[in-house]
Amino acid sequence: MSSDVRFTDFKSDKQPTWCPGCGDFGTMNGMMKALANTGNDPDNTFVVAGIGCSGKIGTYMHSYALHGVHGRALPVGTGVKMARPDLEVMVAGGDGDGYSIGAGHFVHAVRRNVDMSYVVMDNRIYGLTKGQASPTSRSDFETSTTPEGPKQPPVNPLALALASGASFIAQSFASDALRHEEIVQEAIEHDGFGFVNVFSPCVTFNDVDTYDYFRDSLVDLQEEDHDPNDYEAAKKVILDSEKEYQGVMYQDENSVPYHEQHGVTEDMSDIPDGAPDGAMDLVREFY
Amino acid sequence: MAEDLNWAIGGEAGDGIDSTGKIFAQALSRAGRHVFTSKDFASRIRGGYTAYKIRTSVDQVQSVVDRLDILVALTQRTIDENLDELHDGSAIIYDGERSWEAEIPEEMTAVDVPLKSLAEDAGGAIMRNIVALGAACEITGFDVEYLDEALEKRFGGKGSKIVENNKEAARLGQEYVQENYDLDHLGYDVETTDNDYVLLNGNEAIGMGAIAAGCRFYAGYPITPATSIMEYLTGRIEDYGGHVVQAEDELSAINMALGAARSGARAMTATSGAGIDLMTETFGLVATSETPLVITDVQRSGPSTGMPTKQEQGDLNMALYGGHGEVPRFVVAPTSITECFWKTIEAFNYAEKYQTPVFLVSDLAMSVTEQTFPPEAFDMDDVEIDRGKLVGEDDVDEWLDEQGRFRAHAVTDDGISPRAIPGTTDGAHMSTGLEHDELGRRTEEEDERVQQVDKRNRKVETARNEEDWEYREFGDPDADNLVISWGSNEGALVEALEYLEDDGIDVRVISVPYLFPRPDLSEEIDAADETIVVECNANGQFADVIEHDVLTRVKRINKYTGVRFKADELADAITSKLSEEVPA
């Protein structure tokens, strides 16, 4: 890690193909800045993403990266972190990727408390497939596949994380660049699973959850004297369906990440030239 | 084969059948005898018939046969299920004090031992199976001291009291038979030797091979019959700096393994057919991102949930062709328990050398069968590691483009690109399941698409030329009759040769461990008058492949009852198949 890393070092020379005005631009900029702020560089950073608009992020960033299959980014990140505890692992996803097809993995990555940051670009719609309802769409949100609305309550990802035993839960807004960057940075610095749900408006298909809507309605927990170490206070904020919040809702300061709990410290990529020393003991065990 | 002794214990699942059988198998192995075990079990935790069978000899044994000499029957069903295999000289040990009245054919020797009450005398009813083992030792004249050794190994961790009680239970069983029956060991002479053998099954051999090969990360989801690979690695891989994750599902398992493999670790996942189906999407990603990964399929009866505890070799087509689009992959299938070890090591080497997914295909029969080997059969000094085109700080520059970007998917003559693992300065790059250019970035450009597809396929051509895709051969190399097999059928085939030889039928057996790339068998088939392909499935998937390769019709022997081939049964099947017309 070098101290002279700038956030632009994490930028690739590919121009994003996101729609002009997409919230994902701001989300990604904050991620790159937070990575640079925390002393990481592209050679020690692994970024994983799934499918969808969010999944394109690995192309626009510069680091070691894998763009995988739909919904499975968190298991990939888990494998990277376990094999290489020395790496900074960041996983990017979308609301469909993370809370629909990947919901099972979300619950389990949270409860394992794998030491990585998970940034979800939540635009409350499926963008890349051109505007279908997502798990976080409002129950009356009309789309091509739900002409009268999904008629089911949206997933509350923060509550899902809390119920799964999360050690860090936060929410940010792509357009509030400074706060978003700060919050992602805290997620990276957290020892354990740093979960950030980012309101990342889709300007093409979602005319309800817009920049204006979030600008007008968002309450910043920093201005509310919220104590993220207070579980009950976190619960109250997370289950409050009347308001939208940004900030760190919950952080367990005693969090011990999965690899440390399991005593994994070694770089698993370094293996001997032949069988490991003492391997004949494995055979003798069968006497 | 007069030296053969066939022993079994049967009862209900939950009766401790498996551990009792294992203890006896270990005792025989300690006595320097060869052992081959097989299991009948149902897909339930308690209740239902279950049995553990041992064939033992001073010579190597590698198959089951249709004969049972000593049967410990804890239920009537155990006797009924095995009537076909019992013969006039068989002895049946049972507990006459139990509520059921054993119906034992008159010609057989009924040995009524109060297993439960003798076990209680020794310290607890739970040891009744051990009493039966003591009785079995007396019946066959097998020195009970070897059983003591096995009991020490089994219960040593639980304290000396438990060990002593178990030894006492065995002794009481032995003495009871001595005092109440005059059997003179039924004519058996269970010879012992000074040989030190190890006793292990195919899944243990795969797990051991993985550690030997430097595998450090394993992720899996429990599924019969693959789970015991995960159980073996858990608790051992940590000693070598590795870790096992029990994932939430198979999708997660293969993706975790992919993550570990991309960051430079040797990684593996293992499952059975149904789990492979779930992993198939990621399988394509592993191939297009050119990640070295070993995916083990321990086959069981399908399709769907099929018969989860039964044998089949029905996943060959899935291993060869599974997945959407066209994906180069290697398919390696061990043919014996020692090969489970060595082929696992090869699988890791192929995966890294060619940056491909490697399917390691085993089957249920091999996974649960324990067999004895001299420890040198697993000589760790012979393990070789080939990490392929791994680039480091010194040579990464050779692979940068004019802008200094790493060409992770560089188009090369041999189809193999350089590989930089995270942490390598200037090696940062993305990989993706999208079609990509040399830098790993998405492309739909026609030329680049074709270049990348050709490049990935070229790896297979390189491997065809660079590696020895040989087969294993048994029997008479000049015989007119050729039998071809894959997977665990090899042992039974090798023993079937002896029966066939007795009948004056010469056979050449070819056992193929490489299914893709695979050896070209045209010459061998041309040279033979008759070719028969033996496999545990209904449709003859390997026979289809061979017909496709060689453009000649072959005869087929297929078994899909859920039970592995037996040596004597195979000899009969081959004999009658030889007299059939060749299919048009």
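Is Phe330(B) buried or exposed, and what is its relative accessible area? In this predicted model, Phe330(B) has a relative accessible area of 0% and is therefore buried, a term for values under 20%, with exposed meaning over 50% and partly exposed in between (1.4 Å probe, protein chains only). The model is read with local features at pLDDT of at least 70 and side-chain atom pairs only at pLDDT 80 or more, while totals for chains, interfaces and linings use all residues. Residues are numbered from 1 along each chain as its sequence is written, chains are lettered from A and ligands numbered from 1 in the order in which they are written, and side-chain values use heavy atoms, without hydrogens and water.

Over all chains, a search of the whole structure gives 27 aromatic pairs, counted when rings of Phe, Tyr and Trp (its six-membered ring) have centres within 6.5 Å. Planes under 30 degrees apart are called stacked, those over 60 edge-to-face and the rest tilted. Phe142(B) and Tyr146(B) are stacked, because their ring centres are 5.6 Å apart and their planes stand at 15 degrees. Phe142(B) is buried at 2% relative accessibility, and Tyr146(B) is buried at 19%. Phe330(B) and Tyr350(B), with centres 5.9 Å apart and planes at 65 degrees, form an edge-to-face pair. Tyr350(B) is buried too, at 6% relative accessibility.

In chain A, ring pairs join Tyr99(A), Phe106(A), Tyr118(A), Phe193(A) and Phe195(A) into a cluster. Charges also sit over rings here (NZ of Lys or CZ of Arg within 6 Å of the ring centre and within 35 degrees of the ring normal): Lys33(A) lies over the face of Phe7(A), 4.9 Å from the ring centre, and Arg138(A) has its charged end over the ring of Tyr213(A), 4.8 Å from the centre.
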